[in-house]
Every structure is written in C-alpha cells, then in structure tokens.
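Biologist: I'd like to learn how to read a model like this one, feature by feature. Could you walk me through it?

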Amino acid sequence: MYGFDLVIKNGTIIDGTRFPRFRSDIGVKDGKIVRIGHIADPGAARVVDAEGLVVAPGHIDTHTHYDAQIFWDPTCSNAGENGITTVVTGNCGFGFAPVHVHDRERAMLMMETTEQVPAIQMQTALPWSWETFPELVEAMRRTPKAVNLTMFLPLNAVMFYVMGEEAKHRRPTTAEIDRIKGLIHEAMDAGACGLSLSFMGHENNHVDVDGSPMPTDIMHPDDAAAMAAALKERQEGIIQVISQIGPVGDRSISEKLARETGRPILHNVFSVSEYTPDLHRQSMAWLDAMNEEEGVEMYAATVICRAWNETELFNSPGCSLDALDVYRELTFCKDPADKRAKLLDPEFRRRFNESYDPVMFEATAGGLADYTVIGMGTGSNDAKNYLGKTLGEIAAAEGKSEVDAFIDTALESDLRIELKTPGIAIDPAKVADLLSNGRVLAGASDGGAHTKNFSGGQWTTDLILWLVRDNDFLSLEEMHYRLSYQPARAMGIKDRGALIEGMAADILVYDLGELYFDQDRFDVVHDQPGGDWRRKARAGGYRQIFVNGEQTFERDRPVGATPGVYLGDSAPRPQIARAA
C-alpha cells in the first residue's frame, strides 16, 4: 500500500514530543514518515534493524554561523555527525546578503572580525553568485547539503547595503527605513525565517573590521523597532536578537521589539554561572514576566554545554577577551613585535589590570584564573614548569594578579602560549534548573564561528550525555523534545522536529552507550579551503543519521548523500497582505 523507501524496524521510539518511549517500526516514503506501527511487509524498501537502539528525531540548531562553510562542507561539520539535521544561519545580524558587489571583500573581513571565520577560507571558496537575499536563497537551494538550512535576514548587512559606512555614524532617514523595510519584505517573500540583530553596545567581541561596534550594536532602539515593523505588517517571522551574554547586556531592546512588533522573539543568550549562582534564576524570572505579565511571545537561547576555548591566543583570530577594549588593542596588532611592545608597556599592563573583571566572561570562557597552560610553543623547554597549571595557580605561586600571570607567561613563551579555558557550563544541576523553564531552548552551538579556537557542533551529544546518561537530570524524552520539537515550534518550522506521521524523515538511530564526547583536547584538522585548519571536538557515535529519509552518516562517517533542503518553498512565496 505504501511502497516504502525506508523501514526502520524494532526501534525504541523517542518521538520528540515528550510522549513516553515505545517500541515500533517507522516507514518512510518520499522523505516523509508515512507509517508508525508494525510493518509486516517492508516490500522493496531498505530495512534498518534498530533492535535495542534509540530512534529519535534529528536535532535542530537555532544559532549557527555556517553561512560560509555550507558552500564547501555539505555536512556543516561538526554539526552533521552529531545528529544535527537542521541549522539556522544568519544569526546576530551577520551574513552575506544583501551585499553590493564592491562590498564583498568588506563583508568577508567583517565576518572574520565578528565571528572569526577566517577570511582566507571565504576568499577561496565563497561562490558569490548573488547580491540580494533572494539570490542568496537560490544559491543555498542549489548548493548540495547534508543538512537542512534556513536563514535569518541579517540586519547589519541590510543597513550597510542601504546606508554604507554611514550606518555606523548616524540614524537612518525615513526614506532609508522604508527601503530597509522593503528589503525585509523581499527577504521574507523569498524564504527568510525572520530578522536578526546584535544589540550589545561596546560590551562584546562582535566588532567591525576597524575594531569599532557594528551598526546594530549602537543603533537607536526606535530605528530597530521601525525596521522590524515589516514583520508586524505581514504577521510573519521571528526576530533573533542578541542583547544579553550572561550578566552583560541590555535586554530592553528585546522587550521593545516584542511589545511593538508582536512577533516572537528569540532572545540571546542565557547561561549559568559559578560567579553569580542565581544568574539563570534572574534570567528565567524576567522571561516569565515578559510572557505571562506582558503577553508577548519570547524564547531564550542558551550556551550551556561543556565546550571550551583552546587557542594560541596571540596567533589565532578570536578570543573572548576581545570584549575588553584594552585587549582588543592586542588583537588589532598584526605584527608580533607590536604585540610584544604592547605587553611590555607598563601603562598597558595597568589598564588591563584595572579593566579586567572575570564576571564579564562567565558566559563564554570563564575568568583568566581558570585558564590552563597547554602549550608554550614548539621547542620550548618550559623552564618554569607552567604546562598543566592554571594562570590562577601561577599567579598565586608568583604573587601577582592573574592578568600579570597572563602577560608574563605570554612573554615567557615568546607569544606562543596555548591556553585551554574551562567549559562554558560547569554545574549540570544549574543547567537542568535553567531547562526547567519551558520557554528556554536547550542551546546554541555558534557552529561555523570561532573555528580556530572553538568547536560547538557537539553540544547536542554533550547534553544527552551530561544531563541524561551520566547524571539523570532529564529523561531522554525531555532531552529530545528540547533538541528537536521545541526549537522547531519556536522557529515556526512546522514539518520537522518530531517522529509523527506526515513529518519529514529526519531521523537518528543510536545506542546511548556508544555516544561520546572527549573533553581532553580538540583535534586540529586541515580540511578547510586552501588546506586551512580548524579545531574539532571528538564527539558523536550515532549509528545512522537520516535527512529527509536518506542516510547522511554511518558511525561518524559521511556517506556522501546530500538530501538537505532549504526550508521554504521551492519557489519564492507570494506576497503576503501587509497589515496596517
């Protein structure tokens, strides 16, 4: 009757909806789940025996920066091998459309300084067959993908497109706001999932090519609301706004956009803290008040996995310390001699000590005292036995501040010091407590960004291991809901996230005991354009991964299939009547 293409038999179904697990078969045809129940005769279908294995929906990652990587890596590694079957790009207001032809180089350099995607990789491999957002959507549709993908329209790109460099120095005119709104409508008609922006002022490391803030970080809130009104007019789309990183930021822009547009807000980003133990509780109370007392629809993304930063700080782009203006002076010193001179300058040391506050970094990499020295440079004899010690231990032993220990070990290593930060989240009980709130999403990977010092695509596997298998804070049913159906619902993705008849067949098959995440060191892999390298976590262990009913991975290895789709119609959507 069905003529199945794929039948998965005898599996333990965790369907993503929180429904209790059950044993059943799943039949797939034309990329959709068409039968859940006993299948006596699979016919000519491929049969996968899932006896004793978990069968669950593919994970959905709402916060990635695979905007460039998707063009040379169809799996968006290390997302694909960790069960992520759908990624959302264009986050934080950063992306590659709309971009004037003469601004392409600037757009790539901006993505390097904001999200630390190496410019050389983009210059080598981005096809640049587009200028407008609809043209980029068509390029994404044509690009072979082993994951599904949808995109926010990045507001920084739109403001530069309309206003040029003036976007950083003045407010837009009424005519410019109208043009920006027109571009938002155009993008939504073409298949954008919504609008994204960062609003962090000077308190973040999302900086432009000259070290100054990006346009949306310092824009007037009234202008942001006026532009986002395009989504109110069409009653469509979600707004992703990063206005909080742990304890730092100004959430008023998220409040304003929620109240004035009436559209769902994906607020970024909540975290848990060892410095401020009740930080997550404060954030949850605010989120509840916004939804329950003010009646808006708002969700919160999180950074709550155990990933860390691992970097040769002075020779790799990107470091959480870039949020400090004084440290950013080092980042923009391209010549090692200039960096050394800066570190040797007593006035720089004084300003670094005075401005440094470890609480600023609790949502990303933790304070300097907890950084561990993992390298002193090739050929170093480590005369002072720094290897394996934290900067806090070195500071205590030598009677100095952790900032002084940082500067002195850097000089001792001839600027070749390698450091490993603590994990982003430390206490699984706090993480589970944060996830007790139904409007809090389980994570954000930042995948595709900061690739010289970070690897985040394994966050889904990490949370399954940390909160379910190893600590029993959450049930597997709850965890898969958090990793699939909940983000799908929040993002307005209606045909994915759960194993239900009629849904897309994005399916994971795995043995819980075989999943793994090695927290020792990242691997350095030379698999980027031009032979360039990235850091990659050792994580995965899924038996099989299916996207739209086709297998994409077998035990961590891609099989070469690219069944991923751009989430939107195969042709631009018709114009939607715009409400007043």
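Predicted model: local features only at pLDDT ≥ 70, side-chain atom pairs only at ≥ 80, totals over all residues.

Biologist: Fine. How many helices and strands does the protein chain have?

Modeller: Helices (H or I, at least four residues) and strands (E, at least two) are DSSP runs, numbered from the N terminus. Here the protein chain has 16 helices and 23 strands. Its radius of gyration is 24 Å, close to the 25 Å from the globule rule for 580 residues, so the chain is as compact as a globular protein of that length. That radius is taken over C-alpha atoms, and the rule is 2.2 Å times the number of residues to the power 0.38.

Biologist: What does the C-alpha trace span along its principal axes?

Modeller: About 80 × 60 × 50 Å.

Biologist: And how much of the protein chain is buried?

Modeller: Buried means under 20% relative accessible area, exposed over 50%, and partly exposed in between (1.4 Å probe, protein chains only). Buried residues make up 63% of the 580. As for the surface, the chain exposes about 20,500 Å², with carbon and sulfur atoms supplying 50% of it. Those areas come from the Shrake-Rupley method with a 1.4 Å probe; for residues, only the protein chains shown count as cover.

Biologist: How do I read contacts against sequence separation?

Modeller: A contact means heavy atoms within 4.5 Å. Take the contacts between residues at least 6 apart in sequence: 75% of them join residues at least 24 apart.

Biologist: Let's do strands. Which ones pair with strand 5?

Modeller: Two strands pair if DSSP finds at least two bridges between them. Strand 1 (residues 6-13) runs parallel to strand 5 (residues 54-57), joined by 2 bridges.

Biologist: What about strand 7: which strands does it pair with?

Modeller: Strand 6 (residues 59-61) pairs with strand 7 in the parallel sense over 3 bridges, with Ile60 partnered by Thr86. Strand 8 (residues 148-154) pairs with strand 7 in the parallel sense over 4 bridges, and there Thr89 has Met151 as its bridge partner. In a regular strand the side chains alternate between the two faces of the sheet. Strand 7 (residues 84-89) is mostly covered, as 6 of its 6 residues are buried.

Biologist: Why is helix 13 described as largely enclosed?

Modeller: Because 8 of the 11 residues of helix 13 (residues 402-412) are buried. Among them are Val403, Phe406, Ile407 and Leu411. The cover over those buried residues includes helix 9 (325-331), helix 10 (336-344), helix 11 (346-355), helix 12 (391-398) and strand 17 (418-420). After helix 13 comes Asp414, with a positive phi near 60°.

Biologist: Which other residues have a positive phi?

Modeller: Trp128 has one of about 45° although it is not a glycine. Trp128 is in the loop between helix 2 (119-125) and helix 3 (133-142), and it is buried, with a relative accessible area of 10%. Asp446, also not a glycine, has phi near 65°. Asp446 sits in the loop between helix 14 (428-434) and helix 15 (459-469) and is buried at 19% relative accessible area.

Biologist: Where should I look for cis peptide bonds?

Modeller: Go to the bond from Ser77 to Asn78, which is cis with omega near 10°; Asn78 is in the loop between strand 6 and strand 7. The bond from Asn268 to Val269 is cis too, with omega near 5°, and Val269 lies in strand 13 (residues 265-270).

Biologist: One last stop: is Pro247 buried or partly exposed?

Modeller: Pro247 is partly exposed, with a relative accessible area of 35%. Find it in the loop between strand 11 (244-245) and strand 12 (248-249). Pro247 and His280 are 33 residues apart in sequence and 9.2 Å apart in space, C-alpha to C-alpha.

Conventions
Residues numbered from 1 in each chain as written. Heavy atoms only, no water.
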